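The following exercises concern the analysis of a single protein model.

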Amino acid sequence: MTQRIVIELPLHCAKCEKKIMAICTTADGVTAFAFEREGRDRVVIKGEDIDPARITECLREKVTKHARLVSVAIDDD
């Protein structure tokens with residue numbers, strides 16, 4: 001059961017992207033991570049038994065207060 005989590009947040013600079021990548025990739029259960037820039041800046045995280053609320057909370061504390069959890073879905077890949 002793989003989860004697909006989408007979090008929307010502004011990507012200001014390369015330093016912010018590095019912080020976001022560090023937070024998301026070190027979270028428990030994350031197997032894949034990608035930036036998605038279709039109109040809005042989004043982060044797509046895939047993995048098993050991930051706590052999306054905790055990742056969003058960490059991003060709000062350490063990167064930007066405007067991080068917003070968009071969706072959590074089961075991915076059948």
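The model is predicted: local features need pLDDT of at least 70, side-chain atom pairs count only at pLDDT 80 or more, and totals for chains, interfaces and linings use all residues. Residues are numbered from 1 along each chain as its sequence is written, and side-chain values use heavy atoms, with hydrogens and water left out.

**Exercise 1. Helix H1**

Task: Compare the span of helix H1 with its expected span, and determine which of its residues are buried.

Solution. 
Step 1. Helices (H or I, at least four residues) and strands (E, at least two) are taken as DSSP runs, numbered from the N terminus. Helix H1 covers residues 14-25, twelve residues in total.
Step 2. The expected span is 1.5 Å times one less than the number of residues. From first to last C-alpha, H1 reaches 16 Å, close to the expected 16 Å.
Step 3. Buried means under 20% relative accessible area, exposed over 50%, and partly exposed in between (1.4 Å probe, protein chains only). The buried residues in H1 are Cys16, Ile20, Ile23 and Cys24. Viewed down the axis of H1, these buried residues fall within an arc of 95°, so they line one face of the helix; the arc is that of the directions from the helix axis to the C-beta atoms.
Step 4. On the face of H1 turned away from the buried side are the exposed residues Ala14, Lys15 and Lys18. The cover over the buried residues includes strand S2 (30-38), strand S3 (40-47) and helix H2 (52-62).

**Exercise 2. The largest nonpolar core**

Task: Identify which residues of the largest nonpolar core touch the most other members.

Solution. 
Step 1. A nonpolar core is a set of buried Ala, Val, Leu, Ile, Met, Phe, Trp, Tyr and Cys residues joined through side-chain atoms within 4.5 Å.
Step 2. The largest core has 15 residues, of which Ile7, Leu9, Ile20, Cys24, Ile45, Ile55 and Leu59 touch the most other members. At least two residues of this core come from each of strand S1 (2-8), H1, S3 and H2.
Step 3. Take Ile45 and set aside its neighbours within four places in sequence: its contacts (heavy atoms within 4.5 Å) include Gln3, Ile7, Cys24, Phe33 and Ile55.

**Exercise 3. Aromatic geometry**

Task: Classify the aromatic pair formed by Phe33 and Phe35.

Solution. 
Step 1. Rings of Phe, Tyr and Trp (its six-membered ring) pair if their centres lie within 6.5 Å; planes under 30 degrees apart count as stacked, over 60 as edge-to-face and the rest as tilted.
Step 2. The structure holds one such pair. With 5.1 Å centre to centre and 75° between the planes, Phe33 and Phe35 are edge-to-face.
Step 3. Phe33 counts as partly exposed at 21% relative accessibility, and Phe35 also counts as partly exposed, at 26%.
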